[in-house]
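Look at the sequence and the 3D structure below. The report that follows goes through helices, strands, cores, rings and salt bridges.

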Amino acid sequence: MKFFNELRKTADLTRYALVNIIGGIRALPYIMLTLLKSVVNAAALVSYTLLPGFIINYLMAGNIRLVVTLAVILVATPFVQNSVNALITTIADKRRLALHTDAEVKFDDYSCHIDYEYFESPKVLDIRSRASRAQDDIFGVVDCLNSILSSVISFVVILSVVAYINPLMLVFILVIVLLNSILTKRLNVKNHETALRQDHYWRVYWGASFQLENPNYAKEIRLFDISGMLLDNLRAVKKTGNALEHEKTVNWSKTTFLQAIVNIVKDGVIYGYSIISVLMGRMAIGTMSIYISAANQFSNNIASVVNAYLSLSRLCMEVSEYKKFFELPQKQQSSGNRKPSFGKNSTIEFRNVSFRYPGSENYALKNMNLTIRGDERLCIVGENGSGKSTFIKLLSRLYFPTEGEILLDGVNINEYDHREYQNMFSAAFQDFEKFYLPLSKNIALDKDVDEAKLDNVCERIGLTDFVRKLPHGYDSAIDKWIDEDGVNPSGGELQRISIARAVYSDRDIYILDEPTAALDPNAEYEIYTQFHNIITDKCAVLITHRLSAVQLADKVAVFENGHVEEYGTHDELYARKGIYTEMFDKQAEFYRK
């Protein structure tokens, strides 16, 4: 029963791989071409197995004409086989590459749209890693099916030869193949278990290696002389990886040794029976050659079918991980279908919102109540860990609240279409990322760039002089990772690029999360003043540690321990002599000194 359950599971996952990963109907021409290749190889294999023995027998019988005919066929077989295989491979490979590209794009597209919270879960990242590996190996499923077909075709022909001479030999060979398949199955299971542990190792190794290779870490490594510490860490991580890899080698060696013993027994019985039969006059020499070749080929065919199935079963273990990744629920994507709108009279209300990160028992936000109005600029201040960034993640629907609800004009935001809702926001983050793209697309984040609009945005944000100095202007690549002529902007220039993105996208709500942290006070004041003019008719949520910027906001919310401790205008909060007053005075005193 267990065997049939595994067989059914393998069949289901194989069908899933062919339809959902490789491409279904679109992959049919590729699959048919590879099946044709299997038929050609099977026919050639039968020729190699039977014709030499027939040539010997007819030669001893003096039938020279038939000997010549068979010899010509035997000599021509590899030429025909290789020529047809080369033609099929050339045609099929182009289709395979296109199908693989489609599968890769589909995988990355899904990765871009799964819920953000999954990217902060190590378990999900391991699943994604295994799914990625399955995607890379997935065309092995077609190869396994072709191997099974090719072996079955030659098996049917050769079976009759072995059965005619000695039916008992069939039983013996089947037992041998069964023993080898059991050993191979055990090896596959052990290697899969080891591979699951390796997935976590590879992420750790990549992190340790990336720090030593990435230019962003180069200054600190040299100035603080920490290469020794990082190399020790890399060596320790690599030691763990070596142990896992050696474990697979040991398992393979043990299996190979046991299979060698089994195969010695098989070959000894086949050759012993054949030689004794010739000596006793029951078999001609040519027939002995056919029988030995047929018996070995019969064994190989059975083994090929079993091994191909075991390989297919092993690949299906990876396919199951791919399927598991694609079964991660896209809760945000499927949570609503209403079209949102946002204007001066709109409000977004946090009503008794609490939130805990997945796997954490501590609340990042607790009973948060706050209203954002469409005609206001709200500044959020507070110590690190007070919940400011978490608030932004919930506002922009990167996470669902654990408790409570967030309302847009009285409607729970989860009832709105996820993509449409997020399209209301323009964001500039302190920890934003640059893309390996030209400057124009780094700002526009679109394949179609409005150059007039781009010029206007750069002028308003103060990037025009920077653009003029670039070797290729807007077409200059950001970073040298891909293009040697690329540029590495300063921290301040990069933050201006981030702010330019937000302005270029020109949406209803601006989110500014410490967007000027890398700028000097004068540049910061200039940017905020420009922002104040740019977003006159827009809503803005500003997170900052520099309280000089709050005077540009209409309202200020002071966060502490995951809730709003104080709320009002700058003048109102300063007059209270509370948390806000203390924070403001400390910063003012620091600048005076």
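## A covered helix

Helix α10 (residues 388-395) is mostly covered, with seven of its eight residues buried. Buried means under 20% relative accessible area, exposed means over 50%, and partly exposed lies in between (1.4 Å probe, protein chains only). Helices (H or I, at least four residues) and strands (E, at least two) are DSSP runs, numbered from the N terminus. The buried residues of α10 are Lys388, Thr390, Phe391, Ile392, Lys393, Leu394 and Leu395. After α10 comes Arg397, which has a positive phi near 60 degrees.

The model is predicted: local features need pLDDT of at least 70, side-chain atom pairs count only at pLDDT 80 or more, and totals for chains, interfaces and linings use all residues. Residues are numbered from 1 along each chain as its sequence is written, and side-chain values use heavy atoms, with hydrogens and water left out.

## Strands

Strands of a sheet pair through backbone hydrogen bonds, either parallel or antiparallel. Here, two strands pair if DSSP finds at least two bridges between them.

An open sheet is formed by four strands in the order β2-β1-β4-β5, with antiparallel pairing. β2 (365-373) and β5 (411-412) are at the edges and have a single partner strand each, so one side of each is left without a neighbour in the sheet. Six bridges join β1 (residues 347-355) to β2 in the antiparallel sense. Ile348 has Ile372 in β2 as its bridge partner.

Which residues of strand β7 are buried, and on which sides? Ile509, Ile511 and Asp513 are buried on one side, and Tyr510 and Leu512 on the other, which covers both faces. Five of the five residues of β7 (residues 509-513) are buried, so this strand is largely enclosed by the rest of the structure. β7 runs parallel to strand β6 (residues 425-429), joined by five bridges, and Ser426 stands opposite Tyr510. β7 also pairs with strand β8 (residues 539-543) in the parallel sense over five bridges. In that pairing, Ile511 stands opposite Val541.

Strand β9 (residues 555-560) pairs with strand β3 (residues 377-382) in the parallel sense over five bridges, and Val381 faces Val558 there. With strand β10 (residues 563-568), β9 pairs in the antiparallel sense, again over five bridges. The hairpin of β9 and β10 has two residues between the strands, and its Asn561 takes a positive phi near 50 degrees.

## Nonpolar cores

A nonpolar core is a set of buried Ala, Val, Leu, Ile, Met, Phe, Trp, Tyr and Cys residues joined through side-chain atoms within 4.5 Å. The largest has 44 residues, of which Val381, Leu439, Ile443, Ile461, Phe531 and Tyr580 touch the most other members. Helix α15 (residues 491-505) gives the most to this core, with seven residues. A second, separate core has 34 residues, among them Tyr16, Leu99, Tyr110 and Ile114.

## Aromatic rings

Rings of Phe, Tyr and Trp (its six-membered ring) pair if their centres lie within 6.5 Å; planes under 30 degrees apart count as stacked, over 60 as edge-to-face and the rest as tilted. By this rule there are 17 aromatic pairs. The rings of Tyr110 and Phe326 have centres 4.3 Å apart and planes at 25 degrees, so the pair is stacked. Tyr110 lies in helix α3 (residues 64-113) and Phe326 in helix α9 (residues 285-326), so the pair ties together parts 216 residues apart in sequence. Tyr110 and Phe326 are both buried. One aromatic cluster is formed by Phe107, Tyr110, Tyr322, Phe325 and Phe326.

## Salt bridges

A salt bridge is a side-chain nitrogen of Lys or Arg within 4 Å of a carboxyl oxygen of Asp or Glu.

| Pair | N to O distance |
|---|---|
| Arg26 and Asp102 | 3.0 Å |
| Lys555 and Glu376 | 3.6 Å |
| Glu582 and Lys586 | 3.3 Å |

Arg26, in the loop between α1 (2-22) and α2 (28-60), is 76 residues from Asp102 in helix α3. Arg26 is exposed, at 53% relative accessible area, and Asp102 is partly exposed, at 36%. Glu376 is buried, with a relative accessible area of 13%. Glu582 and Lys586 both lie in helix α18 (residues 579-592), four residues apart, about one turn of the helix.
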